[in-house]
Structure formats: structure tokens, C-alpha cells
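User: I'd like to go through this one with you and ask where the labels come from. Could you show it first?

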Amino acid sequence: MSSLLDIQSIRKDFPVLNRQVNGKPLVYFDNAATSQTPRQVIQSIIDYYENYNANIHRGVHTLSQEATEAYEKARHTLQTHLNAARPEEVILTSGTTHSINIVASGFASLLREGDELLVSAMEHHSNIVPWQMACEKSGAQLKVIPMNEKGELEMDEFDNLLSERTRLVFCNHVSNALGTINPIEEIITKAHAVGAAVLIDGAQAAPHFKVNVQQLDVDFYTLSAHKVCGPTGIGLLYGKRSWLEKLPPYQGGGEMIAEVSFEKTTYADLPHKFEAGTPNIAGGIAFGAAIDYMNQIGFEEIAAYEGELLAYATDQLKQIQGIEFIGEAKNKASVISFNLKGIHPYDVGSILDKLGIAVRTGHHCAQPVMQHFNVPGTVRASFAFYNTKKEIDIFVEGVKTAQRMLS
Amino acid sequence: MSHKTIAEIQEEIIDEFSLFDDWMQRYEYMIELGKSLPLIDPQYKLDDYLIKGCQSKVWVFAEMIEDELKFTADSDAIITKGIIALLIRVFSGQKPQDIIDAELSFIDQIGLKEHLSPTRANGLTSMIRQIKLYAVAYQTQKNHE
């Protein structure tokens with residue numbers, strides 16, 4: 001291995017990688033769906049429940065103060081990680097879907113008939129449906145930025161679609177179904193030039209590279225902890241302060257209020273305005289621990305190593321006759337979507353599972369993408385920094401076995 | 001075939017599968033079954049008879065012929081189709097009341113229960129429910145005749 005990372009020692013951080021599935025050592029290539037969790041992150045959850053489990057932001061007692069400090073420290077970690085200007089621009093949510101819904105439902109009250117929203121053709125359902133709901137409520141219109149046969153956005157078409165009617169552009173940083181890395185810098189600059197805001201769904205980008213939200217000048221950026229070695233049920237919404245102040249609250253309840261009477265309630269300041277109710281405290285703390293863990297490994301090292309895995313796996317898979325890659329963008333994260341000619345992805349996934357190999361099959365919650373490529377679904381293998389070339393060899397052999405059995 | 005009860009056919013299938021040594025042989029047999037399944041008449045391969053799973057699609061059509069329910073079905077995934085072939089073998093040609101009363105145990109016993117797990121979303125559990133619903137519908141109709 002030419003990598004700078006000590007993969008064998010990294011793998012020891014992930015207890016689940018030791019397990020067997022169907023009598024075979026687990027090969028976990030479903031990282032784009034959820035990443036595995038290192039001991040350090042698991043330990044942060046145990047620490048919280050064993051030592052300072054308490055409700056936060058109220059309570060004068062020591063446990064509550066410790067829990068509040070740990071939770072706010074995690075927010076600070078996330079702020080630093082994204083290079084957000086202020087901690088209150090980081091809203092802790094239940095995940096990317098929740099984050100997008102906060103923005104979409106807020107925009108529903110700001111949009112009017114005649115306004116237009118631009119969405120990329122390669123979105124996950126969670127970055128389509130909330131906007132369709134916002135359009136239904138407001139009378140705004142949703143327009144789609146098309147993609148080419150390689151799974152890259154057609155930027156000429158994007159230029160044509162942009163106009164003074166465009167209020168918002170939303171797009172994923174990395175496509176979950178295809179692995180395409182989208183040119184978000186260009187999208188942001190061009191959208192801003194016509195006065196439109198931009199939301200970037202960073203769920204699939206966050207495991208692979210670090211973003212700098214101030215440098216990008218992005219208005220909203222979302223991510224989910226469980227894609228970056230953290231737990232499920234926690235994520236974040238980054239929003240520029242000016243935008244977050246403009247948007248109405250998403251949910252009403254405790255924590256998000258300043259004063260409540262039956263006549264009138266005033267809302268709390270950011271970030272609490274968008275954090276109604278008792279949050280996922282242990283999750284937030286573990287999210288911070290997960291980002292710390294990944295930063296310790298180093299995102300540049302991660303990206304370089306994953307690039308190696310992607311190139312190796314692509315080369316190995318190319319040797320298989322009848323393989324069809326879905327999504328061959330020039331800029332790709334370590335995700336490979338493919339089909340074997342004449343064979344349904346479900347069947348391939350079923351055989352691979354029997355061999356202890358975890359991949360995702362199906363439409364990846366991106367049915368419009370599948371319609372574009374005219375396939376019922378794909379087999380998707382996605383690699384993380386704890387995967388190895390040896391695992392890729394096992395996987396490629398598994399695909400060959402599946403093909404032999406199913407032909 | 002039609003003289004055998006649902007329980008007898010299930011026993012028969014369990015016996016056949018007990019001959020296989022490992023999962024690979026079982027799967028290869030399922031795949032063969034999938035390939036040999038008589039396709040549903042194209043006129044019934046319609047959305048009306050489609051059960052949409054997140055992973056694979058299943059079509060099921062039922063008709064009553066002389067007191068017995070006949071099923072034809074299809075799927076776009078071959079392993080799903082193999083399991084369908086077994087389900088048809090068990091249920092097709094049986095009386096509606098027998099289908100309603102039947103306990104389905106063979107899938108578990110031949111080591112294919114993972115295909116019925118909700119995460120597979122392959123349409124099979126819905127298919128079994130659909131077969132039972134057809135039986136209930138025809139039975140109700142018969143009771144009203």
C-alpha cells in the first residue's frame with residue numbers, strides 16, 4: 001500500500017469490522033449509506049450516559065452544565081471544521097433530511113408565484129420532495145438542471161435556466177447514487193450573480209473532504225453525522241446568519257422560545273430558534289467526537305487513499321465482461337454504481353450478502369436518476385478510508401461469482 | 001398436483017432442499033426455478049397487478065377455475081422469481097379457504113427467510129399478502145353466490 005495511512009491500525013478502531021457475516025469476514029462497502037463507528041465515538045456516547053447525562057441549556061446543577069458544555073463544544077468543533085463564521089450558524093438537526101426541511105419549509109413562506117427553484121437532476125429524494133412541498137404551498141416552480149450520460153450536470157443548461165426569477169438553487173455536493181462531485185463553486189457564484197441563494201446537500205461529500213463554507217460563500221450546507229463515523233439521528237444545517245434570521249422557525253416547542261404567553265410568543269435567538277425540544281445530546285457530542293476522529297486521521301490523507309481505492313476497484317471491475325458503470329463523471333468520490341448486463345441488481349446484492357459483502361442495491365432513493373439511465377436500480381459499492389485493496393479483491397471475486405450463478 | 005394439500009407440498013419442498021449441502025446449491029436451484037417459471041400472460045403484466053418493492057417488482061395475477069385459484073406471477077429479479085415459483089407451486093390450484101387457512105413455513109425452513117425481511121423490500125411479503133387477499137375475495141364472492 002502506498003498510502004500514508006496505517007490502515008491496519010485504523011481498522012482496529014472499528015469493532016464491527018471484525019465480525020463475520022454468513023460465515024465470511026465482513027466486507028463493508030455500503031459506506032455511502034452509513035459509515036461504521038470507531039471506538040472513540042462509541043466511547044463518547046458511553047461517557048455521556050455514564051458520567052453526565054442531563055438536560056442541557058437549563059438546570060443550574062453540575063451535570064446539566066457539563067452536558068451543556070460538551071454539547072456546545074461539539075457545536076464549536078463543527079463550526080471550526082466547516083470554518084463557519086459563528087457557532088450559531090451551525091444548527092444541530094436530526095440529519096440532512098431534517099436540515100433541508102427546515103430551509104424548504106422556511107422558504108415556502110418567502111416564495112411567491114412566478115418564483116423559480118432550480119434542482120439538479122441527480123438529487124436524493126430528500127432534496128426533492130421538501131421543495132416540491134414548498135412549491136405546492138407557494139406556487140413557485142421547480143426546474144431541473146439536466147445531466148449528461150456520464151452523470152455530470154449540464155452547466156450550459158444551468159446557465160440557461162438561471163434568471164432573475166431564480167430564488168434558490170439546491171444540489172448535492174456529491175451524488176449518492178453516482179458519486180459525481182458537482183462543481184458547486186461555479187453553481188454558487190452563478191446563482192449569487194442573479195441574486196439566488198444556494199443550498200448544498202453535503203451528506204455524501206462530508207466523509208471524503210472538508211469544506212470551507214465561508215470560502216465557498218454557500219448560503220446553506222447540510223450534513224449527517226452517520227456518514228462521517230458518527231451516530232444516526234444527528235446532523236447539521238449550516239446557514240448564513242442573515243438567512244437563518246430571515247427564515248421562520250420550523251418546529252415550535254421548548255428551547256426555541258424567548259418568552260411565551262397565550263397571547264404571543266417570541267422566539268429564541270440562533271441557533272436555538274431552530275432547535276425546538278430536548279436535542280439528541282449524546283448524538284451531538286458524538287458527532288463532535290466523530291469529526292475530531294476524522295480530522296486526526298486527516299481529510300487530505302483520506303481523500304488520497306480513497307482515490308487509490310476507487311481507481312483500483314474501477315480497474316478490477318472493468319475486467320468483468322458485461323459490466324455497465326452508471327455514472328462515469330470525471331470528478332468522482334469513492335462510489336461505484338454498476339449493473340451486470342441482463343442481471344437484476346437485487347440478485348447481485350443477494351449473492352454478495354451470502355459472501356459476507358455489504359453493498360447497496362436498488363434505486364438509492366434517487367428514482368429520477370434511475371429513470372435517466374433507464375435502469376431499475378444499480379449495485380453500489382462505496383469505500384471508506386478503513387477499507388482495503390484486499391477487500392476489493394474479495395468483492396470483485398464475489399461479483400464474478402454472482403455473474404456466473406445468475407447468467 | 002392439485003390433489004396434494006398445501007402442507008404436503010411444503011413438506012415436499014423442504015425435503016428437496018434438504019438434499020443441498022450449502023447455500024450456493026440452494027441459490028443455484030432457486031435461480032433455475034426462476035428461469036423456468038411460466039411467465040405471466042403479457043396481458044396481465046400491468047400496473048394493476050404490480051407490487052412495487054424498493055428493490056424488485058412482482059406481478060401476480062389470480063383467476064378462479066372450477067373452485068380452485070390459479071396464480072401466475074413474475075418478477076424482474078431472478079431470485080425473487082425463484083421464490084415466487086415455489087409460492088405458486090404451494091398455492092396455485094388450491095381452494096380459497098385452504099389458502100386462507102394455510103401456514104407458510106417452508107421459506108424459513110429452506111433457509112431463505114432473509115428474502116422475506118422487510119429491508120429487502122422485494123415485494124415478496126406483499127405478494128404473499130396479495131395471494132391471501134385474492135383467496136379472501138374469491139371466498140367472500142363464493143359465500144354470496
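Analyst: Here are the ground rules, then your questions in turn. This is a predicted model, with local features needing pLDDT of at least 70 and side-chain atom pairs counting only at pLDDT 80 or more, while totals for chains, interfaces and linings use all residues. Residues are numbered from 1 along each chain as its sequence is written, and chains are lettered from A and ligands numbered from 1 in the order in which they are written.

User: What makes a residue part of the contact between chain A and chain B?

Analyst: Two residues are in contact if their C-beta atoms, placed from the backbone, lie within 7 Å. By that test, chain A gives 13 residues and chain B gives 13 residues.

User: Which elements of chain A give two or more residues to the side that touches chain B?

Analyst: They are helix H12 (345-354), strand E16 (360-362) and helix H14 (389-406) of chain A. Helices (H or I, at least four residues) and strands (E, at least two) are DSSP runs, numbered from the N terminus. H12(A) has the largest share of that side, five residues.

User: How are the residues on that side of chain A classed?

Analyst: Five are nonpolar, six polar and two charged. Ala, Val, Leu, Ile, Met, Phe, Trp, Tyr, Cys and Pro count as nonpolar, Asp, Glu, Lys and Arg as charged, and the others, Gly among them, as polar.

User: Where do the domains of chain A come from, and how many residues of domain 1 touch domain 2?

Analyst: The bounds come from an automatic or database domain assignment, which gives domain 1 (7-30 + 299-406) and domain 2 (42-295) in chain A. In chain A, 22 residues of domain 1 are in contact with 23 residues of domain 2. On the domain 1 side, H11(A) gives the most, four residues. That side has 13 nonpolar, six polar and three charged residues.

User: Why are E4 and E6 of chain A called edge strands?

Analyst: Two strands pair if DSSP finds at least two bridges between them. Strand E4 (90-93) and strand E6 (141-145) of chain A each pair on one side only, so they are the edge strands. The open sheet has seven strands in the order E4-E10-E9-E8-E7-E5-E6 (chain A), with mixed pairing.

User: How do you know that E4(A) pairs with E10(A)?

Analyst: Four bridges join E4(A) to strand E10 (residues 235-239) of chain A, and the definition asks for at least two, so they pair. The two run antiparallel, and Leu92(A) stands opposite Leu236(A) in E10(A).
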